[in-house]
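Subject: The structure I promised you

Hi,

Here is the structure I said I would send over. Have a look at it first, then read on for what turned up.

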Amino acid sequence: MLANEHNHKNVFFILEVFNNLIQYQVTGNAPLIYGVVRYKQKFYALHDLTFEHAQSELTRVKTLRAQKSQTSADGTTPTGVASDRRESEAMLEADALPPPSAKAKGKLPATAEGANDTVQSQDVAPPSTPVDEKGKFAPSQEWFLYWHSHLPLHTILTLLDTLAPTIEQLCVEKGINDDRKVLEFLESGTLVGVLPVPHPIYVRKFVASVGIRVWFCGWFWGCVYMKSNGMGAGEAAKICPPIWTGTQIRLFTVKMSS
């Protein structure tokens, strides 16, 4: 979370997508709702995250990466990679903050309840990005507390406080151990009256960048390859994207002989 000065914005946008789907497009998105409920511990941990815990986790991850890089540089077989991964996962589980009690879960801080409104209404400027003497990003507690208090978690936590116990009780009473049964239950119900008043939809304009261009090219050619894989040259030419209609561009396959 603190490894990059822009990571907190990525988390904010992801939460915003979840909130929009939960509030406005919950129909047809039962797998998403179920996924949020299944990984509720992650959202509770994010809500209770402290600067000290985030710093210690960042230090631990950097240490593991340094050890793996040293192993690769020595040219030795990275036999400890799998064990390091298991150790990392175990430490993550151990470090994960326990879920708040039923009483605590229902009492969100004032900053969380009005996170979206706070971002729009308050004129308090966010603290400048903290850097060290070398000009590198160095997160401070003031900077962390500001953006953490503005994370839009209220809708998701309200959903979890209400829906998670219901699903758990359903699985226990009816002995359900099939995800499909839970999805059917979610699709047959409604969240009207459960969630808070829907927040306004924020329209964000598309901004082109080199990263998006690289991602789109990879995705586009991945789709072309997957659809044409195993086809002959004639069949591959039939799925040539229409953007190339009228041009001399044609798809073809290269057959590898043993």
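Two residues are in contact when they have heavy atoms within 4.5 Å of each other. With that in mind, take the contacts in the protein chain between residues at least 6 apart in sequence: 71% of them join residues at least 24 apart. Please remember throughout that this is a predicted model.

**The overall picture**

The protein chain has 13 helices and zero strands. If you walk along the sequence, the pattern is simply α-α-α-α-α-α-α-α-α-α-α-α-α. There are 258 residues in the protein chain, and 28% of them are buried. The chain exposes about 17800 Å², and carbon and sulfur atoms supply 58% of that area.

**Start with helix α1**

Helix α1 covers residues 7-24, which makes 18 residues. From its first C-alpha to its last it reaches 26 Å, close to the 26 Å expected at 1.5 Å a residue. Its buried residues are His8, Val11, Phe12, Leu15, Glu16, Asn19, Leu21, Ile22 and Gln23. What do these buried residues of α1 pack against? They pack against four helices: α2 (30-38), α3 (40-47), α9 (141-149) and α10 (154-174).

Leaving aside neighbours within four places in sequence, His8 is in contact with Trp143, Trp147 and Leu151. Keep the two tryptophans in mind, because Trp143 and Trp147 both come back in the ring cluster below.

**The aromatic rings**

The structure holds nine aromatic pairs. The rings of Phe51 and Phe144 have their centres 5.8 Å apart and their planes at 55 degrees, so this pair is tilted. The pair links distant parts of the chain, with Phe51 in helix α4 (residues 51-73) and Phe144 in helix α9, 93 residues apart.

Trp143 is buried, at 5% relative accessibility. Ring pairs link Phe51, Phe137, Trp143, Phe144 and Trp147 into a cluster.

**The salt bridges**

Side chains of opposite charge can pair when their charged atoms come close. How many salt bridges are there here? The count comes to five, and these are some to look up:

- Asp179 forms a salt bridge with Arg38, with the closest N and O atoms 3.4 Å apart. This pair links distant parts of the chain: Asp179 sits in helix α11 (residues 179-188) and Arg38 in helix α2, 141 residues apart. Asp179 is partly exposed, with a relative accessible area of 35%.
- Lys40 and Glu168 meet through their side chains in a salt bridge, at 2.5 Å from N to O. Lys40 lies in helix α3 and Glu168 in helix α10, so the pair ties together parts that are 128 residues apart in sequence. Lys40 counts as partly exposed at 23% relative accessibility, and Glu168 counts as partly exposed at 41%.
- Arg180 and Asp178 also meet in a salt bridge, at 3.1 Å from N to O. Arg180 counts as exposed, at 61% relative accessibility, while Asp178 is partly exposed at 23%.

**A nonpolar patch on the surface**

Last stop: the outside. Phe206, Ile212, Trp215, Phe216 and Trp219 form a nonpolar patch on the surface, and together they have about 600 Å² of accessible area. Where is Phe206? Its place is in the loop between α11 and α12 (210-228). Why does Phe206 count as exposed? The cut-off for exposed is over 50% relative accessible area, and Phe206 has 65%, so this residue counts as exposed.

Cheers

Technical notes: Residues numbered from 1 in each chain as written. Predicted model: local features only at pLDDT ≥ 70, side-chain atom pairs only at ≥ 80, totals over all residues. Heavy atoms only, no water. Helix = DSSP H or I, 4+ residues; strand = E, 2+ residues; numbered from the N terminus. Buried < 20%, exposed > 50% of the residue type's maximum accessible area, 1.4 Å probe, protein only. Areas by Shrake-Rupley, 256 points an atom, 1.4 Å probe, with all protein chains shown as cover. Expected span 1.5 Å × (residues − 1). Salt bridge = Lys/Arg side-chain N within 4 Å of Asp/Glu carboxyl O. Phe/Tyr/Trp six-rings, centres within 6.5 Å; stacked < 30°, edge-to-face > 60°. Patch = residues over 30% accessible without salt bridge, like charges linked within 9 Å, V, L, I, M, F, W, Y side chains within 5 Å.
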